[in-house]
Amino acid sequence: MTDATIISKIWNLAGVLRDDGVSYGDYLEQITYLLFLKMADELNKPPYNKGLHFPKLKDIEGKEIKDAEVCNWENLADKRGAELESFYSQLLRTLASEKGILGQIFTKSQNKIQDPAKLSRVIDMINREDWNLMGADIKGKIYEGLLQKNAEDTKSGAGQYFTPRALIKTMVACVQPKPEKTIADPSCGTGGFFLAAYDYIVEKHDLNREQKAFLKNQTFYGNEIVANTRRMCLMNMYLHNIGEIDGESTISSNDSLISDDGKRFDYILANPPFGKKSSMTITNEEGETKKEDLSYNRQDFWETTSNKQLNFLQHIKTQLKATGEAAVVLPDNVLFEGGAGEEIRKQLLKTTELHTVLRLPTGIFYAQGVKANVLFFNNKPGSKEQQTKHIWFYDYRTNVHHTLKKKSMTEADLADFVTCYHPENIYKRKETWSEENPEGRWRKYTYEDIVDRDKTSLDVFWIKDKSLTDLDNLPDPDVLAGEIIENIEAGLSGFKEIMETLND
């Protein structure tokens, strides 16, 4: 059976459960639990004989019940009706208290499929496949396909954790990660950057045994504070042959911004969560709730601010090794905001080599109204001189039109950027912009050019917007309507932030 057939089969059942009030996200969560148990069961049988330990059902105090059944796939698959529903709920609660990846996969787990007959159908469907005999690429494709379908369900909000795969692969192709180097993502979502980097390293290098072991167990490190998203990340990585089913997880549940944990990495690839401010909800003595801005007061930060993206940018700078490289997706406000934003940009230009900015089009993210960019920078050892000499800008926004459904962005759309980026040697680049070719998308600016701009703004563009002058060549009506909606939603989001500030 092909991966497309399996994805279709698994997803068709999601439609059936949807009628019972089970959301796509809840369904994907249950698939994750069941798939993990089935694969663990396969690994405990010949030819693997892995000897993975699963506990007996535990009581409310977390102690194993002496004569209770073991929380494994065989016992679960044998049951039907009310007995199945009861055992499954107890199994989830028991496994959530275990250590290592097992406990993290089942953290805060609950049975969301209340109809035992429907739960049996899901179990039977998973039971028919021998998952460990499938190649990691096929298992990975199946799970990535499910994650993408979940992201497309805009009502669930899952799309905020899903970065377009074409963009991720392009960023990895520019950075070109090497074997036996560490890769981090402080807001890793479902692990998209890790998987693209893994695939790139495997495809581009003939790895020896030590390099394969390093790639599997010591390369990837991340943080994800949302339990359900972290669970999907761990499962996604495991299905791609990253990590051991009974090993310790390298994906932390801690808020990465709270402190510097002292770890340093060779590469950081990230798309920090959308939403400008960090905040926490406070309940006063009268029982009223209100949000308060949350600023991270860290000694290693240049500026104290409640702007989440500016804090992530500072944190990523801290996490890089002295020769580390970063590629980070950031919204437009990081490029031009005054105050703390201006100071952070100045410090970034001085202490790192910020060599490339890719301006992204709208219509590529599931969270609408997002105008974003990718910043590529290399960390450098301390020096009196500023480390940034030139910044290269690629404008893939002006006169570019994409929509998620009818004209989604592909790797081919970004191929020209990768060519211009010249990852083999970024110091041998050539501009495509010139006085004779003012439409050229690839242009170089000096450090002095940027510092002389108001607030050291990196929001640089030079190509004329044709929609303002050429009414005969407007994009298709549905694309135009999508862009209007994006702009309205971006404006509303800005107004909401202003209102929240005024009401504080």
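I started with contacts in the chain between residues at least 6 apart in sequence: 73% of them join residues at least 24 apart. The model is predicted, and I read every entry below with that in mind.

Next I looked up burial and surface. Buried residues account for 51% of the 504 in the chain. I noted an accessible surface of about 24100 Å². Carbon and sulfur atoms hold 48% of that surface.

Then I went through the secondary structure. I found 17 helices and 11 strands in the chain. An open sheet takes up 9 strands, in the order 3-2-1-4-7-9-8-10-11. Its pairing is mixed. Which strands stand at the edges? They are strand 3 (251–252) and strand 11 (442–446). Each has a single partner strand, so one side of each lacks a neighbour in the sheet.

I turned to one pair inside that order. Strand 7 (residues 320–331) runs antiparallel to strand 9 (residues 372–379), and 7 bridges join the two. V328 sits opposite L375 of strand 9.

Last, the cysteines. How many disulfides are there? I count 0, with sulfur pairs required to lie within 2.5 Å. C233 is in no disulfide: its nearest cysteine sulfur, on C188, is 4.0 Å away. C233 is buried, at a relative accessible area of 0%. C174 is buried too, at 3%.

Terms used: Residues are numbered from 1 along each chain as its sequence is written. This is a predicted model: local features need pLDDT of at least 70, side-chain atom pairs count only at pLDDT 80 or more; totals for chains, interfaces and linings use all residues. Side-chain values use heavy atoms; hydrogens and water are left out. Buried means under 20% relative accessible area, exposed over 50%, partly exposed in between (1.4 Å probe, protein chains only). Two strands pair if DSSP finds at least two bridges between them. Helices (H or I, at least four residues) and strands (E, at least two) are DSSP runs, numbered from the N terminus. Contact means heavy atoms within 4.5 Å. Accessible areas come from the Shrake-Rupley method with a 1.4 Å probe; for residues, only the protein chains shown count as cover.
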